[in-house]
Amino acid sequence: MTVKKRASDLTSLERFNVYYKKKEPPLTAMQKCKRFIWNPKTRQFCGRTGAAWSKLALFFFIFYSALAILVAICMWTFLQLLDARQPKWQLESSIIGTNPGLGFRPTPPEVASSVIWYKGNDPGSHQFWVKELSKFLTAYKRDGKKAGAGPNIHNCDFKLPPPAGKVCDVDISTWGPCVQENHFAYHKSTPCVFLKLNKIYGWRPQFYNSSDHLPQAMPEDLKEHIRNMTAYDKNYVYRTDMVLVLSNPAGRHKPGGMLINIACKAWANNIKYDKMEGMGSVHIEIMIE
């Protein structure tokens, strides 16, 4: 003889089975959605009870806290190995290497272009190039509101290099026509172009301060120039230019309308030159209409 248990004597699992054995009327999609969000009979929210959600939240809190602590420790250790002023790997140990690239300013808006183009009789046409040069020389400008030079600027020359953490003072007001007040001579159709060696930390130029070991590929006029200089004045990185002027048939009868191709090459003992790779040289094109 089977004895039927009272509802109060049933276990939780038995009450659960009894509940779901009861045939319920079919639910609509909206009712199923509401039932999933909150089930009043099982007291479940989105399929989980309050205890299950609490355990899940506690697990993820501990997991992400441990992960954040691990990332913070790794980042702190990584920052202790870095120098805020210069990279850890330099010269032969770095990807950049020991051969500085040669660039020019102002640079065209198109990254792959090397053409400086403007209309000589149009003041608004050359404003872009003047602004680019002014922006490039901003770091060298002196603040007239402050007395003297900045705290990290030092008066130096080749015999008196700057101490650690200092830079040499450069007076750009003595650069003749290539100053901002003169619009860098762009309005006179004689534009100024500045050449620059890309910065490589730890790199120092090895000058041709002796006339006995000049490379054979060096132009004869540059060799003669070096031979006629004193030992002190030879402490320079030299450059040579090759200029090719291509006339524009449409502008044969006016001073403009010519494409000027200029190839500049830097000369120092530790500057390697490779025409195919563009090492140690730069190509510039100037078009003035």
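Student: What makes Cys 192 count as buried?

Tutor: The model is a predicted one, and in it Cys 192 has a relative accessibility of 7%. Buried means under 20% relative accessible area, and because 7% lies under that cut-off, Cys 192 counts as buried.

Student: How do you know that Cys 178 and Cys 192 form a disulfide?

Tutor: A disulfide is a pair of cysteine sulfur atoms within 2.5 Å, and the sulfur atoms of Cys 178 and Cys 192 are 2.0 Å apart, so the pair meets the definition. The two cysteines are 14 residues apart, both in the loop between β7 (167–168) and β8 (194–197), and the pair links distant parts of the chain. The angle about the S-S bond is -85 degrees, and the link is left-handed. The structure holds one disulfide.

Student: Why is Cys 46 in no disulfide?

Tutor: The nearest cysteine sulfur to that of Cys 46 belongs to Cys 33 and is 8.9 Å away, whereas a disulfide needs sulfur atoms within 2.5 Å, so Cys 46 is in no disulfide.

Student: Is Cys 46 called buried, exposed or partly exposed, and why?

Tutor: Cys 46 has a relative accessibility of 27%; buried means under 20% and exposed means over 50%, so a value in between makes Cys 46 partly exposed. Cys 264, by contrast, has 5% and therefore counts as buried.

Student: What puts the buried residues of helix α4 on the same side?

Tutor: The buried residues of α4, which spans residues 127–136, are Trp 129, Val 130, Leu 133 and Ser 134. They cover an arc of only 135 degrees around the axis, and therefore they lie on the same side of α4. In general, an α-helix has 3.6 residues a turn, so residues three or four places apart point the same way. Lys 131 and Lys 135, on the other side of α4, are exposed, while the buried residues of α4 pack against β4 (102–105), β5 (115–118) and β8.

Student: Why is Val 130 called buried, and what is it in contact with?

Tutor: Val 130 lies in helix α4, and its relative accessible area of 7% is under the 20% cut-off, so Val 130 is buried. Leaving aside neighbours within four places in sequence, Val 130 is in contact with His 183, Phe 184 and Tyr 186. Val 130 and His 187 are 57 residues apart in sequence, and their C-alpha atoms are 9.6 Å apart in space.

Student: What makes Asn 99 count as buried?

Tutor: Asn 99 lies in the loop between α3 (50–80) and β4, and its relative accessibility is 17%, which is under 20%, so Asn 99 counts as buried. The side chain of Asn 99 reaches the backbone nitrogen of Lys 272 at 2.5 Å. Not counting residues up to four places away in sequence, Asn 99 touches several residues, among them Ile 200, Met 279 and Gly 280.

Student: Why do β1 and β3 stand at the edges of their sheet?

Tutor: Three strands form an open sheet in the order β1-β2-β3, and the pairing is antiparallel. β1 (38–39) and β3 (48–49) each have a single partner strand, so one side of each is left without a neighbour in the sheet.

Student: How do you know that β1 and β2 pair?

Tutor: Two strands pair if there are at least two bridges between them, and two bridges join β1 to β2 (residues 44–45), so the pair meets the definition. In β2, Gln 44 is the bridge partner of Asn 39.

Student: Where in the protein is confidence lowest, and where is it highest?

Tutor: Strand β9 (residues 238–247) has the lowest confidence, at a mean of 59, and α3 has the highest, at 92. Over residues 247–255 the pLDDT is below 50. Where pLDDT is low, the predicted coordinates should not be read in detail. For the protein, the mean pLDDT is 78, and 79% of the residues reach 70 or more.

Methods. Residues are numbered from 1 along each chain as its sequence is written. This is a predicted model: local features need pLDDT of at least 70, side-chain atom pairs count only at pLDDT 80 or more; totals for chains, interfaces and linings use all residues. Side-chain values use heavy atoms; hydrogens and water are left out. Helices (H or I, at least four residues) and strands (E, at least two) are DSSP runs, numbered from the N terminus. Buried means under 20% relative accessible area, exposed over 50%, partly exposed in between (1.4 Å probe, protein chains only). The arc is that of the directions from the helix axis to the C-beta atoms. Contact means heavy atoms within 4.5 Å. A polar contact is a pair of N or O atoms within 3.5 Å; within protein, one must be able to donate a hydrogen and the other to accept it, and residues adjacent in sequence count only if both atoms are side-chain atoms. pLDDT is the predictor's confidence in each residue, from 0 to 100.
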